[in-house]
Amino acid sequence: MGEARQKAIKHQRIRDGEFPCVYCGGVVPGEEPDHMPPRILFRRKQRPNDLVFPSCSGCNRGSAAIDTIIAWLGRSYPDSLDKSEREEVKAISSSMITNYPEVASAFHIDPEPLPLSQAQMKTLRGMTTPVNVNDPYIHRCIDFFGAKFGLGMHWKLTGNCVPPEGRVYPQWFTNYHAVAGALPSDLFRVFPNPLPLVQGRLHTAGRFEHGSVRDGEYSSHLAIFGESFIVLAFVAPNGPELCFAESGALECEPGCLKAGYPYGLPRLSADELRQRFSRP
Ligand SMILES: [Zn+2]
């Protein structure tokens with residue numbers, strides 16, 4: 001049987017509710033196939049049919065914002081030279097301003113200058129403004145993407161959903177961290193060979209690569225979004241783990257996506273948003 005046919009059958013089995021929702025503890029059927037990362041991250045939504053997870057409608061709806069935000073960040077760095085791709089990014093930007101203005105406005109501040117050497121500046125040349133890491137709304141949304149990614153990838157790697165008592169600890173780093181040498185030192189030893197999604201001649205190399213490792217009950221997962229940023233997710237399926245919590249990572253539990261945007265933070269008033277958007 002061809003690869004495409006096998007995937008189609010799997011999607012149908014997901015729609016039939018044969019698998020549990022991997023995002024809320026494996027306790028309800030997952031009836032909607034959820035693409036991780038989302039299709040809008042890719043030009044004309046063309047994406048290999050891999051990493052598709054069973055999701056209940058609550059988790060799917062709750063993570064719609066994350067999908068748009070990840071696509072927006074992942075496609076903005078570096079600027080594309082392709083006109084039709086720039087149009088697509090523009091459409092995502094308008095949707096961001098309308099629906100997720102707290103995150104869209106996060107970019108209207110002076111980025112905290114990082115001390116970089118001449119050689120590091122040279123490496124950065126050609127990149128646009130780095131992702132602003134100081135805004136709580138950006139932070140929270142990427143953290144929740146990390147939680148979603150960890151929950152899905154743990155199921156893919158182990159065949160088990162993270163149960164309700166399990167926890168996920170996301171972390172993320174941007175292009176600036178990479179150039180400034182501030183990535184975790186053992187990152188590429190732990191994940192020596194991140195892979196793109198591939199289906200025939202279609203692949204995601206340069207835009208999205210991923211890697212997963214298992215250590216007993218635990219699992220760790222890496223997502224690389226081109227030159228923009230990377231997300232790490234550590235999964236502790238048996239409950240809270242002090243060492244992860246002490247590292248300052250947000251502790252996320254299965255089902256957290258259902259909260260929806262902005263994931264536990266308050267929505268801002270029109271006045272507050274105006275102020276944020278009018279920052280230099
Ligand atoms: Zn769910």
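**Cis prolines and positive phi angles in a predicted model**

Modeller: In this predicted model, proline 262 lies in the loop between α10 (242–246) and α11 (270–277).

Colleague: What kind of peptide bond joins tyrosine 261 and proline 262?

Modeller: That bond is cis, with omega about -5°. Most peptide bonds are trans.

Colleague: Which peptide bond involving proline 37 is cis, and where is omega for it?

Modeller: The bond from methionine 36 to proline 37 is cis, and its omega is near -5°. Proline 37 belongs to the loop between β1 (32–35) and β2 (52–55).

Colleague: What makes the phi of arginine 44 worth noting?

Modeller: Arginine 44 is not a glycine, yet its phi is positive, about 50°. Most residues other than glycine have a negative phi. Arginine 44 sits in the loop between β1 and β2.

Colleague: Why is arginine 44 called exposed?

Modeller: Arginine 44 has 10 C-beta neighbours inside 10 Å. The limit for an exposed residue is 12 or fewer, and arginine 44 therefore counts as exposed.

Colleague: Why is leucine 51 called partly exposed?

Modeller: Around leucine 51 there are 19 other C-beta atoms within 10 Å. A buried residue needs 20 or more, and an exposed one has 12 or fewer, so leucine 51 is partly exposed. Leucine 51 also has a positive phi, near 50°, and is placed in the loop between β1 and β2.

Colleague: Which elements have the lowest and the highest mean pLDDT?

Modeller: Helix α6 (residues 118–124) has the lowest, at 57, and helix α2 (residues 57–62) the highest, at 97. For the protein, the mean pLDDT is 87, and 89% of its residues reach 70 or more.

Note on methods:
Residues numbered from 1 in each chain as written. Predicted model: local features only at pLDDT ≥ 70, side-chain atom pairs only at ≥ 80, totals over all residues. pLDDT = per-residue confidence, 0-100. Helix = DSSP H or I, 4+ residues; strand = E, 2+ residues; numbered from the N terminus.
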